[in-house]
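Please open the model in your viewer and keep the selection panel at hand. The stops below go from the whole chain to single side chains.

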Amino acid sequence: MYTASVLGNLGNYKSFGDTKIIPRIPLNEFQKIVHSSGSETAIKLFNSISTIIYSDKPEDQLLLGFPGDGHVSGYYSKNILKSDADFVQKILDLNQISVLNTRLFKKSETEYIVAVASAEQLPEKIIEAEGKTIKITFDDFQAEMKKVAAALTKAIPYAANPIQEKMLEAYVESFKTGSIDAHDNSQRFWIKV
């Protein structure tokens, strides 16, 4: 059940409810399962994370949220508070920049970095607002985004029709540049298929 839940939620937190998924079997039973794989890599990896998998303390760590509130997040640096995220969201909204494929890092009380997932390293954008600086970088998860864009590019010749081709082309643009507009366009084509 634990494995199915983690795979189904793409992580060990529920996608609806944002609460941590903890195995229902004792640690020693889980260890037996991992050891039965015979994989030294799996055993080593499990041993390095098993304490975290089973940890239910501190209680705040059982929830996804703002690290500044003690919660867990892959989107925010550990010093981000809700007020920081709200400020950056407001400024990005005013500049028509989406946060949907980004991570937020707080360098100081007046400096933030918004890292956009993209295959290409595009020029940085700097926004000055209310005495603070927001630097937007393009190349977060660059290696992974390159692989996805390349695989989707290879799929284009096998599209069933021109609409599917346009959908795939828009996906490729989105993964290459981090453009949410391109992603939205891919979805517009998707509903026509």
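This is a predicted model: local features need pLDDT of at least 70, side-chain atom pairs count only at pLDDT 80 or more; totals for chains, interfaces and linings use all residues.

Residues are numbered from 1 along each chain as its sequence is written, and side-chain values use heavy atoms, with hydrogens and water left out.

From the N terminus on, the elements run α-α-α-α-β-β-β-β-α-α-α. The C-alpha atoms fill a box of roughly 50 × 50 × 30 Å along the principal axes. The radius of gyration of the chain is 20 Å, whereas a compact globule of 193 residues would have one near 16 Å (taken over C-alpha atoms, with the globule rule being 2.2 Å times the number of residues to the power 0.38).

Next, turn to the aromatic side chains, among which the structure holds 5 pairs (rings of Phe, Tyr and Trp, the last by its six-membered ring, with centres within 6.5 Å; planes under 30 degrees apart are stacked, over 60 edge-to-face and the rest tilted). Select Phe-30 and Tyr-54, whose ring centres are 6.4 Å apart with the planes at 70°, so the pair is edge-to-face. Phe-30 belongs to helix H2 (residues 27-36) and Tyr-54 to helix H3 (residues 40-54), so that the pair links distant parts of the chain, 24 residues apart. Both Phe-30 and Tyr-54 are buried.

Now select Phe-87 and Tyr-112, a tilted pair with 6.0 Å centre to centre and 40° between the planes. Because Phe-87 lies in helix H4 (residues 82-94) and Tyr-112 in strand E2 (residues 111-117), the pair ties together parts that are 25 residues apart in sequence. Phe-87 and Tyr-112 are both buried.

Finally, show the surface and select Ile-191, which lies in the segment after helix H7 (180-190). Ile-191 is exposed, with a relative accessible area of 69%.

Definitions and conventions. Helices (H or I, at least four residues) and strands (E, at least two) are DSSP runs, numbered from the N terminus. Buried means under 20% relative accessible area, exposed over 50%, partly exposed in between (1.4 Å probe, protein chains only).
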